Amino acid sequence: MSVGNRTLSWQTGEVLVIDGSFIHQEWHNGVRGDNFVLQVTFCHPCDESQRPLYGPLQCGRPIASPGAARSAVEYQDAATLPVPFAAAALWAVSLPDLAKCSSINEECPPDSQHGGPNPLSALNTWNYIMNNLRAAIRHTTSQTQIDPQVMTAIGQVQEGIQNFLAMPSLEQYAPVVTLASQILEALTPWLRQQAPAMLKFPSPAARLPVPADGRSPGTFAFRLSNGVEMPAIGFGTWKLEGEACYQTVLAALQLGLRHIDTAEAYQNEAEIGRAIRDSQVPREKLFIATKATSVALGMAEPSYLETIVAGQLQALRTEYLDVYMLHAAGVGGEKLQQVWRNMEYLVDLGRVRALGVSNFGIQELERLWSIARVKPVYLQNIFKIYKQGEQILGNSQSVMDWARSHGMMMVGYSTINSWPHLLQPLSDPHVLQIAKAKGRTASQVLHRWALQHGIGVIPKASSIERIRENSQLLDFELSDAQMSALDGLATLSETTHNKMLPSWREDVFGLAAATSTPGPRFDGFVEAMRDQECIRQPEEVKATQWTLGGGGHGISECQAACHAQADCGYLVFYEQTGFCHMFRSCQQQLPAGDGAVLLARQ
């Protein structure tokens, strides 16, 4: 007898316990099993009808009858969450800025320097859509099956995206977008019918404890490695100008915020200084962070730094800065050494308590680290669910981990903004699902997510209501599963057709199993799915020679057998047992074990 591609033997009266998914098996090695009767009993100590057999037990929830659909209400396990892959794909494809980039035009120019609609951002968005599609197909419980060729087409789109990103060529853009749009158009009716997938998330690594007792936002601080206390929740001032800047900073201070972030380039330090003065908050209760922009970018000589800082101190109406940063990794070589020596001199003079940098990647940090006498203790970079630490994520190590291992505190900006890309975190269904469950706004969830990673936050707002909303982060907490689900959005953003990325994030959505890695053993075939097999009924779906009989075969032997048949379009190879089955069509699939790989013939 064959069960799930494993040959079993038994004696009369012997009981075999097998997985219920392997019950249906009519043929084995060409012999129809008319003479066999298989009696199956499902055993479970928490099944209501079987509890007396096992004695007193603590059972969490009733066991659903076999085949019954599981709803979100049934999942009482805190590690299990609904994940709206289908809704996220439909949401992202409907973004107005993506529609502007159906072709390269005036609304979608090839210049990507300033963010917004451009070909690079559009293709990043399409990659997010394709990965949500992959995950929706992989985790669906729908009876409507997807043709494996769809997965092949998705892989072609993602491969085209990677080719474009590696070497942008305008003529490559239209074919990729056209195919991606065709896939979405074909799958939209199916996607609209899909409920969120119910996924169980692994326990994450230990996270920094963040209070949830309702304390004032200015009273919770992270300590920099040089001993300086930094309020974890700050107020950002990018693009705030004039009287509006003065009023919002004053409101932030009155609402209890004590960490203010600005920069030379923002040209609003005088307004911030007035707000600080009028708030009457003692200077020692404040944490003021600002940046050197012109010398960092090479627009001013390093020797001008002391003069620039003197102007900033005067504008901010303070005698010292809590953190002074290089605004970007612009200058290098000898000029970087000169700039940093001048930064260190500011520390020696007592005008700056701690040094930091902004918009630095790991390579730039390592170069600076090698020359610095006074090491930077503060790093301010982009930190959002799609780009967790860098605008272009490194694959081997996260900048967050590098900074932490070198005693640097990280502060994240643009946590809720689309800049410099198109995806809008505040309206992403993945975020809204968690926000609804917590009874919080999307902004609060996203900033709390960063805090629970030990990342300081500096949300900007232009109204008192939004400032208050963004400051209310210390009276709730996200569960481990919710943190893992939000962490995983970076993998939906970055994973390619053949590689799960970033490698330093856990593959919580199973994207590695959904990626294809064609190689010599798949010559003439494309991997369409893993852990799935074609349904074996009716008989017409099977190729003329359906099986090679028994296990122990190699992939090349199975491929050769399929190639030899004109009616063989699909091959299922079981890596653990060496079984293979061949099919004419594969419109429907079932979950399968034994390392099942579903290959589509090219």
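Me: Which residue in β21 is the bridge partner of V572?

Reply: H581 is the bridge partner of V572 in β21. Keep in mind that this is a predicted model.

Me: How do you know that β20 and β21 count as paired strands?

Reply: Count the bridges. Strand β20 (residues 570-574) and strand β21 (residues 580-583) are joined by four bridges. Two strands pair if there are at least two bridges between them, so β20 and β21 qualify. They run antiparallel.

Me: What order do the five strands of their open sheet take?

Reply: The order is β17-β23-β20-β21-β19, and the pairing is antiparallel.

Me: What makes β17 and β19 edge strands?

Reply: Each of them pairs on one side only. Strand β17 covers 525-530, and β19 covers 542-547. From one strand to the next, the twist averages 20°.

Me: Which helix packs on this sheet, and which strands does it touch?

Reply: That is helix α5 (residues 148-166). Helix α5 touches β17, β20 and β23 (596-601). The direction of α5 makes about 110° with that of β17.

Me: Now the eight-stranded open sheet. Which way does its pairing run, parallel or antiparallel?

Reply: Parallel, with the strands in the order β9-β10-β11-β12-β13-β14-β15-β16. The edge strands are β9 (235-236) and β16 (456-457), since each pairs on one side only. In general, strands of a sheet pair through backbone hydrogen bonds, either parallel or antiparallel.

Me: How do you know that β14 and β15 pair?

Reply: Strand β14 (residues 378-382) and strand β15 (residues 409-413) share five bridges. At least two are needed, so the strands pair. Their sense is parallel. Y378 stands opposite M409 in β15.

Me: On to helices. Helix α13 (residues 429-438) and helix α14 (residues 442-452) pack at about 95°, axes 9 Å apart. Why is α13 called roughly perpendicular to α14?

Reply: Roughly perpendicular covers 65 to 115 degrees. The angle is about 95°. That value falls in the range, so α13 is roughly perpendicular to α14.

Me: Which residues meet there?

Reply: V431, L432, I434 and A435 in α13 meet A442, V445 and L446 in α14. The contact has seven nonpolar residues, no polar and no charged.

Me: What makes up the contact of α8 with α9?

Reply: E269, A270, I272, G273 and I276 in α8 meet Q312, A315 and L316 in α9. These divide into five nonpolar, two polar and one charged.

Me: The axes of α2 (residues 85-93) and α6 (residues 170-192) cross at roughly 135° and come within 10 Å. Why is α2 called oblique to α6?

Reply: Roughly perpendicular ends at 115 degrees, and roughly antiparallel needs over 145. The crossing is roughly 135°. It lies between those limits, so α2 is oblique to α6. The crossing is left-handed.

Me: Which residues of α2 and α6 meet?

Reply: A86, L90 and V93 in α2 meet L184, T188, L191 and R192 in α6. Five are nonpolar, one is polar and one is charged.

Me: How do you know that C101 and C108 form a disulfide?

Reply: Their sulfur atoms are 2.1 Å apart. The cut-off is within 2.5 Å, so the pair counts as a disulfide. The link is right-handed, with 100° about the S-S bond. The whole structure has four disulfides.

Me: Which form does the peptide bond from L501 to P502 take, cis or trans?

Reply: Cis, with omega near -10°. P502 sits in the loop between α17 (489-494) and α18 (511-514). The bond from Q537 to P538 is cis too, with omega near -5°. P538 lies in the loop between β18 (532-534) and β19.

Definitions and conventions: Residues are numbered from 1 along each chain as its sequence is written. This is a predicted model: local features need pLDDT of at least 70, side-chain atom pairs count only at pLDDT 80 or more; totals for chains, interfaces and linings use all residues. Side-chain values use heavy atoms; hydrogens and water are left out. Axes are lines fitted to C-alpha atoms, for helices over the stretch in contact, and angles run from 0 to 180 degrees between N-to-C directions. Angles under 35 degrees count as roughly parallel, over 145 as roughly antiparallel, 65 to 115 as roughly perpendicular and the rest as oblique. A crossing is left-handed if the near helix is turned anticlockwise from the far one by less than a right angle, and right-handed if clockwise. Contact means heavy atoms within 4.5 Å. Ala, Val, Leu, Ile, Met, Phe, Trp, Tyr, Cys and Pro count as nonpolar, Asp, Glu, Lys and Arg as charged, and the others, Gly among them, as polar.
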